[in-house]
Amino acid sequence: MKVAVAGCCHGALDKMYETLELLQRRHNVRPDLLLCCGDFQAVRNEADLRCMAVPAKYRHMQTFYRYYSGEKKAPVLTVFIGGNHEASNHLQELPYGGWVAPNIYYLGYAGVVRFRGVRIGGISGIFKSHDYRKGHFECPPYNQQTIRSAYHVRNIEVFKLKQLKRPIDIFMSHDWPRSIYHYGNKKQLLKMKSFFRQEVESNTLGSPAASELLQHLKPTYWFSAHLHVKFAAFMQHETNSKEELPKATKFLALDKCLPHRDFLQIIDVEHDPNAGDALEYDAEWIAVLKATNSLVNVTQGSWNMPEKNGLHAKWDYSVTEEAIKEVLEELNHDLKIPCNFTLTAACYDPSKPQKNMEPVHTINPQTTEFCAQFGLTDINDRIQQAKEEGSGRGECEEEEEEEMDSTGSAEEPSEYNTDNSGLSSFNPDEIMLDEEGGDEDLSTCSVDPSPDHPPEFSTSFSDIRIMPDSMAVSSDDAMDSNNEELEKSGGSKQVEEKSSTERSLKRIGGDENGNSGVKKIKRRNQAIYAAEDEDKTD
């Protein structure tokens, strides 16, 4: 089947879908599925805009609200993950995934689904070491810290994904797996983004958590976005035994959705011709969620996942074939995800703007139904309980926030022992977010719909590229890049996230304005929203 893959769409849904329609008219190619690698921006109203971590002048309504209201419908099934510029309050309603609009499905904090027999997984957000070991404690209305920490990857999501044993066909992350640049044309990458050089040479560009997942899951395809540059790589994985067949991952990072940018790829993926056209639950993933449900944490205290270190009675939460069979029996072998989309917030009305609309913490009926069906903890319900009980940590009170560095506690050190939130390099393709006033006034927003000038599709078709079966880069380029930089990088510093500036490339984990006493660097992205000042690193 044909799968279209998009990078950061920044709410420009009309452009994405119009581009796909143009592809069909001009080349008779109709994708069966569209994947979006974050910064989707499912903004329904003015309150959602205030929950998006971008400078106020870049908070534009864009066009998602038309799909949310039912005015328009996505012409192709769309599956996306969250990035670092999202309406976090909206996505937080669906921690286990769900429909944000008819035919548009969010994978949740982490998730795995199936479509026509193809297994698709993903993890939302970006890596930030000082929040990595915390629970999902944030809730709207957010403050200057939690509006950013809300989209930071947590160790529990990585832990869940590492329990998977069955092969993954496609995996998505917003930021890049660290070190992936060693497996592609690094010279070309640095030619396009010279400000990545320092991080590439020190092997600190990208997310160490995503790199860990890449090595564990070994998917056939891995797609990312975030750095607003196109980059392909081919990674051959080491085998753990003589009996294990060699595996390789084709990695592709996509550019942002802008006119005259190569932001969309079409690939052919082998599928089950006997499978239906409905999006389906993945039985192993559901079983893993059930097995790890006791680990759900909604506090902001740092903690480590169970591991075989003598401190935990149980550390292996992978599931048996019997547990997977039980899930199938619970569902009567009908894995189809119900089309149970429900409006949970007022939709933006251009004729009646409400600039003072306040965000509220909402429990989505989809999540309630999902948790009841599989016996899972509703994270948002747990947060509300914590608030009502006055045990407070779910209320995101700044005075209670622990100022722990990335090394964690003395008893249980963090998996990643360094944290470079302040980048030394400057990425001119990213936005500026001040440490103090990065979000300026959280109550300020613009409701001008679609500020971007719509491109003339009749005159330009540079937004689409049809990808051949192999996404491999030239072996010469890859080898040259590998040998030259692997020597320079020496060890993989697990600098968890350089707050930004140049890593436009692999800026994977640390692009966020974290709160960690590390000074945040401003970045400028003069193209994203209209001039887009996206705080990529934060």
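Tutor: Accessible areas come from the Shrake-Rupley method with a 1.4 Å probe. On that basis, the protein in this predicted model exposes about 20100 Å², of which carbon and sulfur atoms supply 47%. Features that are local need pLDDT of at least 70 and side-chain atom pairs pLDDT 80 or more, while totals for chains, interfaces and linings use all residues. Residues are numbered from 1 along each chain, and side-chain values use heavy atoms, without hydrogens and water.

Inside the protein, the count comes to 7 cavities of 30 Å³ or more (a cavity is a set of points on a 1 Å grid where a 1.4 Å probe fits but cannot get out; its volume is the space filled by probe spheres set on points joined across faces, edges and corners). The largest cavity has a volume of about 180 Å³. By class, the lining of the largest cavity has 8 nonpolar, 8 polar and 3 charged residues (Ala, Val, Leu, Ile, Met, Phe, Trp, Tyr, Cys and Pro count as nonpolar, Asp, Glu, Lys and Arg as charged, the others as polar).

The second largest cavity holds about 100 Å³ of space. Of its 14 lining residues, Gly97, Tyr281, Asn340, Gln366 and Phe370 are the closest to the centre. Both β4 (98–101) and α13 (365–374) supply at least two residues of this lining, and α13 has the largest share, 5 residues. The lining of the second largest cavity divides into 7 nonpolar, 6 polar and 1 charged.

Key:
On a 1 Å grid over the protein atoms alone, a cavity is a set of points where a 1.4 Å probe fits but cannot get out, and a pocket is an open set with protein on both sides within 12 Å along at least five of seven lines; lining residues have an atom within 4 Å of a point. Helices (H or I, at least four residues) and strands (E, at least two) are DSSP runs, numbered from the N terminus.
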